[in-house]
Amino acid sequence: ILAEIAMTFVSLADFDSKMEKVLEVIGSHTDVSRVYIFEDDEGGETTSNIYEWCNKGITPQIEQLQNIPYEVIPSWKKFFFEEGLVCSGNVSGLPDDLRAVLEPQGILSIVSFPIYLSGEFFGFVGFHECTCYRPWSESDLNLLKAFCGIISNAYERVLMERSLRDSIEAAQAANRTK
């Protein structure tokens, strides 16, 4: 499954549709309720749901989860920086600030891994279970962490490609003005 996902990003053309496809692949394979990717704003003050896949019968949350201030969920980054992930087979055991966001979405179990680009926190990939409590096994966590690594690498490549393209365009524009 990981090879199939990695091969999807050999070419980065049509990145958005490829990202949606790989979320469906990993979501279907792991039989979770929801898979999503959040990206932070430039200052790292807010985060937004950018991509989301939902299993049958699960209500999408992407529209409601835009520009969420980290100040209302301070435990979120704390988990990432101290534990390396957010993981709970029963969200009722999480801090109040996280439960206040997760429970209204019908989330019973969660696992989420941070995305780092060039050593900087960029966002996160997450998996929800909304139909039952799910104890995340070590094999689940290893698979999902590897998936997150592939996603991080794809983002790194996209950003490098954009930077290179911008540099080329700037150089061409400078040459035209000479």
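This is a predicted model: local features need pLDDT of at least 70, side-chain atom pairs count only at pLDDT 80 or more; totals for chains, interfaces and linings use all residues.

1. Residues are numbered from 1 along each chain as its sequence is written, and side-chain values use heavy atoms, with hydrogens and water left out.

2. Rings of Phe, Tyr and Trp (its six-membered ring) are paired if their centres lie within 6.5 Å, with planes under 30 degrees apart called stacked, over 60 edge-to-face and the rest tilted. The count by this rule is 13 aromatic pairs. Tyr36 and Phe38 make an edge-to-face pair, because their planes stand at 85° with the ring centres 5.4 Å apart.

3. Tyr36 also forms an edge-to-face pair with Phe124, at 6.3 Å centre to centre and 85° between the planes. This pair links distant parts of the chain, since Tyr36 lies in strand S1 (residues 34–40) and Phe124 in strand S6 (residues 120–129), 88 residues apart; strands here are DSSP runs of E, at least two residues long, numbered from the N terminus.

4. Buried means under 20% relative accessible area, with a 1.4 Å probe and protein chains only. Tyr36 is buried at 2%, Phe38 at 6% and Phe124 at 3%.

5. One aromatic cluster is formed by Tyr36, Phe38, Trp76, Phe80, Phe81, Tyr116, Phe121 and Phe124.

6. The charged end of Lys77 sits over the ring of Tyr70, 4.1 Å from the ring centre, where the rule asks for NZ of Lys or CZ of Arg within 6 Å of the centre and within 35 degrees of the ring normal.

Notes
Buried means under 20% relative accessible area, exposed over 50%, partly exposed in between (1.4 Å probe, protein chains only). Helices (H or I, at least four residues) and strands (E, at least two) are DSSP runs, numbered from the N terminus.
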